[in-house]
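Reader: Could you take me through a single helix of this protein in some detail, and then show me how it sits among the rest? I'd enjoy a friendly tour.

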Amino acid sequence: MSTPNTRRFDDWIRGPFVTLNTELEGLYFAQEKRESVEGVGDELKAELEAQGREFIAALLREGNTDEGFDAGFDLLGNVGLYMAACRRHEITEPSRESRSPLVEASALAMQLGASLGVVPRFASAHLETHNSAINGTYKTFTSLPDEALFITYNTRGALAYIRASEALLRILPMGVSHPVAADLLNVARIALEDVVASNARLFEELDTDRFFYCVRPYYKPHRVGLHEYRGANAGDFAGINVIDLLLGLCRADDPYYSQLLVDKFLFMMPDDQLQLRDCMRRQSLLDAFLEALAAGQGDEPWFVDNLSLFLRAVDAHGETARQHHEQLVAKFIESPAKKGDLIEDKRLTASGPPLPVLLRSLRKLADLRCAVDRDDIPSRYHDLQSLRAALNDKGSA
């Protein structure tokens, strides 16, 4: 059971904290330069900082954080939301500090993060897959409809990716020639098409300026103690990378991709970390089909049927990547950054690097997932073409 101090802090996060952030966003958005927050709403900022510090100091004095993983992770999320809001309102700003001025919050976040095996800041799971709703309302930074829309569709997308990854994982002990592998490949493909549908709704319904100026800034990097941690990312869960690896589109021995995995491990839930580490040593389904083809099994009915379904899942995963980069990133980050002349702003992105650097990295990742014909990355284009040619020889799509 949570303690009274924990419950009071949670009540504040779900109530006055949201009200204060929403009022500040209203002030910022009414300005000509919406990205400028310095000197705006200083009384509200001071109120937010002081109220949060009082709740957190009480929790530190209590010293009782050993209430099980779920309670500890939830509390870490609340501390992390508070610290992220302080960063958003530039109460704290890592470039001008060598350590976080939020001393009490840093101390509690580091204690919780170390004991739980995760980063000492809020992660995407706190707002998506592990964000409990009370009377139909889950935790948010603001009461803006655009933030709720963003979180809801990100959550739907994450859960669809997880469904796809779980289906693909279940193929491993059975093998690609198993009759039930066809059922599981169908499940994965349908789940990935659900991701596409969620992304399409987000693209159509989310207001670009509200997201760029009022939602995205809460995901910026900030310091906890001495160290600066990148912002939470909607892809900080194992499912999407399990799909990458099992479909064979990305490889754990690729230095670029393995660095991406290393950077995100502690932003994931501990169970996700274990699952992804295990998946990194497994043979991909793509390589299993290539192996079967090389062994002369290309004429077998199972090969034709299951490979057809596998390639449909590959195409669906590629579509999610193309859609994310060419629609969502372009519309909600790149376009407003150009419009506001913020492309070179070093503090713009959640992951830390300048936007042009981030966009190049995201393009590379999207091209890996789409198996684009590029010779400067370890694309599986030619391997997939070999498999498609084998199917075409049999008169299949």
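**A close look at α14**

Author: Helix α14 is followed by D341, whose phi is positive, near 55 degrees. This is a predicted model, where local features need pLDDT of at least 70 and side-chain atom pairs count only at pLDDT 80 or more, while totals for chains, interfaces and linings use all residues. Residues are numbered from 1 along each chain as its sequence is written, and side-chain values use heavy atoms, with hydrogens and water left out.

Now the surroundings. The protein has 16 helices and two strands; these are DSSP runs numbered from the N terminus, with helices being H or I of at least four residues and strands E of at least two. Its C-alpha trace spans about 75 × 50 × 40 Å along the principal axes. With 397 residues, a compact globule would have a radius of gyration near 21 Å, and the 23 Å of the protein agrees; this radius is taken over C-alpha atoms, and the globule rule is 2.2 Å times the number of residues to the power 0.38.
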